[in-house]
Amino acid sequence: MPAFGDDRPAGANTEAVKPRRSRFRVLRGGDDNPPKRPTLTELYHAQRLGMVRLSILLVDDLGTAEDVVQDAFAALYSNFGENLDDVDNAMAYLRTSVVNLSRSVLRRRRTARAYVPPHEPDASSPEEAAVLSDEHMRVLAALKRLAPRQREVLVLRYWSELSETQMADVLGLSRGTIKSTASRALDALEKIMKDEQP
């Protein structure tokens with residue numbers, strides 16, 4: 001007879017239930033050493049520049065991109081603390097935060113521009129011009145003309161080298177939507193590049 005409050009059917013195996021493993025994988029050291037948990041500080045030093053590059057392709061401004069990444073790391077710290085159970089989960093959270101915070105920046109920017117006429121950006125410095133080749137500058141200029149969702153998909157696919165599944169998780173879309181958006185974005189980018197050829 002099952003105990004009061006036990007919803008298992010009579011005759012079911014009543015052995016002790018093994019506790020489920022955590023969904024977070026702990027990075028393990030050697031067999032003799034206890035598991036070493038990666039820290040947020042280590043993740044920050046390893047991934048900050050990559051996250052800034054991701055954000056700058058979305059928001060078009062280095063200072064804003066750095067602020068976005070700083071906010072994303074602060075949110076990661078407030079949710080998970082200094083010691084991380086799983087680097088993959090932390091990276092997924094970080095990418096999603098950077099994309100979402102970049103979207104918020106663009107929304108605020110659009111709202112501000114509705115009331116204040118946009119100003120022309122300053123001409124790029126000689127140092128910036130030397131860093132990017134002419135073709136890269138053309139691609140970046142064309143990328144800025146895409147719809148925000150198309151730009152996000154291309155940046156995550158070709159800059160961050162995420163799979164369709166990872167992109168779907170970051171953007172909250174289905175894989176089919178990711179595929180169709182990427183296809184339309186590449187067509188639009190190619191058309192923009194052809195139209196701008198001398």
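Q: Is the crossing of H1 and H6 left-handed or right-handed?
A: In this predicted model, local features need pLDDT of at least 70 and side-chain atom pairs count only at pLDDT 80 or more, while totals for chains, interfaces and linings use all residues. Residues are numbered from 1 along each chain as its sequence is written, and side-chain values use heavy atoms, leaving out hydrogens and water. Helices are DSSP runs (H or I, at least four residues) numbered from the N terminus, and a crossing is left-handed if the near helix is turned anticlockwise from the far one by less than a right angle, right-handed if clockwise. The crossing of H1 and H6 is right-handed.

Q: How are H1 and H6 oriented to each other?
A: Their axes, lines fitted to C-alpha atoms over the stretch in contact, come within 9 Å and cross at roughly 150°, on a scale from 0 to 180 degrees between N-to-C directions. Angles over 145 degrees count as antiparallel, so the pair is roughly antiparallel.

Q: Which residues of H6 make the contact with H1?
A: Contact means heavy atoms within 4.5 Å. From H1 come Gly50, Arg53, Leu54, Leu57 and Leu58. From H6 come Arg151, Glu152, Val155, Leu156 and Trp159.

Q: How are H1 and H2 oriented to each other?
A: H1 (residues 40-59) and H2 (residues 62-80) have axes 8 Å apart and pack at about 140°. Angles under 35 degrees count as roughly parallel, over 145 as roughly antiparallel and 65 to 115 as roughly perpendicular, the rest being oblique. H1 and H2 are therefore oblique.

How values were computed: Helices (H or I, at least four residues) and strands (E, at least two) are DSSP runs, numbered from the N terminus.
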